[in-house]
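Hello,

Here is the structure I promised to pass on to you. Please open it alongside this message.

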Amino acid sequence: MNLNELKNDWIQDFANPMIIAGPCSAESESQMLETAKRLKESNAEISAFRAGIWKPRTKPNGFEGVGVIGLNWLKKVKEEFGFKTATEVANAHHVFAALEADVDILWIGARSTVNPFTVQEIAQALRGTNKPVLVKNPVNPDLALWIGALERLLGQGVENIGAIHRGFSTYQKTKYRNIPNWQIALDFKNQFPNIPLFIDPSHICGNRTGLAGVAQEAFNVGYQGAIIESHCDPDNAWSDAAQQITPEVLAEMINNLQVRNSDI
Ligand code: PEP
Ligand code: MN
């Protein structure tokens with residue numbers, strides 16, 4: 001089977017657009033529950049609650065994620081607020097722990113997509129599961145590497161897959177943290193029109209002001225979803241503070257997005 005033969009009907013179980021929101025990192029049980037409570041109360045149409053448990057940080061000796069204890073907090077978010085949950089997996093141990101804790105959606109981060117050994121290890125650990133798995137584009141602008149990661153998942157029988165466009169790193173100073181390089185994502189979309197494509201405006205922008213514009217640009221060209229970082233106290237977030245928004249600001253942003261009718 002190849003990527004264009006996939007049915008991709010897993011996404012029908014979620015709202016259109018499918019919005020995944022929550023903090024960059026799980027920090028504490030109270031931060032997770034407070035963020036989830038406010039996302040719920042804001043009535044934003046959120047399909048799943050995200051939080052990174054294992055954090056791929058650029059430099060050592062900083063906050064590298066709370067680890068497996070965060071899986072209990074995701075469970076509580078699901079039990080108390082009814083959200084599906086999502087987290088990043090970067091090796092086979094993460095996969096086994098996340099499957100054991102019944103996390104609903106997994107994603108492979110941009111720093112993992114670049115490494116075929118890592119992706120292969122993750123794909124093998126996922127063999128035979130029907131969890132939705134989303135693959136972020138690699139940090140470098142390499143379409144084949146992005147597609148290759150999806151093919152490695154499919155090669156292990158993982159058929160409920162999607163792609164996340166989170167931008168590409170650059171040494172140039174730009175208004176973006178990771179330049180969108182829209183053409184790469186559009187080439188992806190043209191080649192695999194049926195694979196659900198998500199926008200990650202948070203990691204593209206690296207700030208709060210650009211988020212709505214980037215998300216809208218993606219929905220204008222028919223992306224099916226978005227993953228957006230939201231924190232109960234963004235200024236004091238332990239990672240990616242500059243780009244996180246409160247649940248209330250997120251709700252307003254989502255309400256103002258126009259989704260292309262032809263894709264509904
Ligand atoms: C994240 O989603 O918090 C993250 C680390 O993203 P990326 O892999 O896109 O850098
Ligand atoms: Mn982040």
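Below are some notes on one strand and one metal site.

This is a predicted model, in which local features need pLDDT of at least 70, side-chain atom pairs count only at pLDDT 80 or more, and totals for chains, interfaces and linings use all residues. Residues are numbered from 1 along each chain as its sequence is written, chains are lettered from A and ligands numbered from 1 in the order in which they are written, and side-chain values use heavy atoms, with hydrogens and water left out.

Let's start with strand E1, residues 18-22. (Strands, E, of at least two residues and helices, H or I, of at least four are DSSP runs, numbered from the N terminus.) Five of its five residues are buried, so E1 is largely enclosed by the rest of the structure; buried means under 20% relative accessible area with a 1.4 Å probe, protein chains only. Met 18, Ile 20 and Gly 22 point one way, while Ile 19 and Ala 21 point the other.

E1 runs parallel to strand E8 (residues 225-229), joined by five bridges; two strands pair if DSSP finds at least two bridges between them. Met 18 has Gly 225 of E8 as its bridge partner. Strand E2 (residues 48-50) is also parallel to E1, with two bridges, and Ala 21 is partnered there by Phe 49.

Now the manganese ion (ligand 2): Cys 24 (SG), His 203 (NE2), Glu 229 (OE) and Asp 240 (OD) coordinate it at 2.1 to 2.4 Å. Donors are N, O and S atoms within 2.8 Å of the metal (3.2 Å for Na, K and Ca); water is not among the atoms, so sites may look incomplete. His 203 in helix H8 (residues 201-205) and Glu 229 in E8 are 26 residues apart, linking distant parts of the chain. Both His 203 and Glu 229 are buried.

Best wishes

Notes:
Buried means under 20% relative accessible area, exposed over 50%, partly exposed in between (1.4 Å probe, protein chains only).
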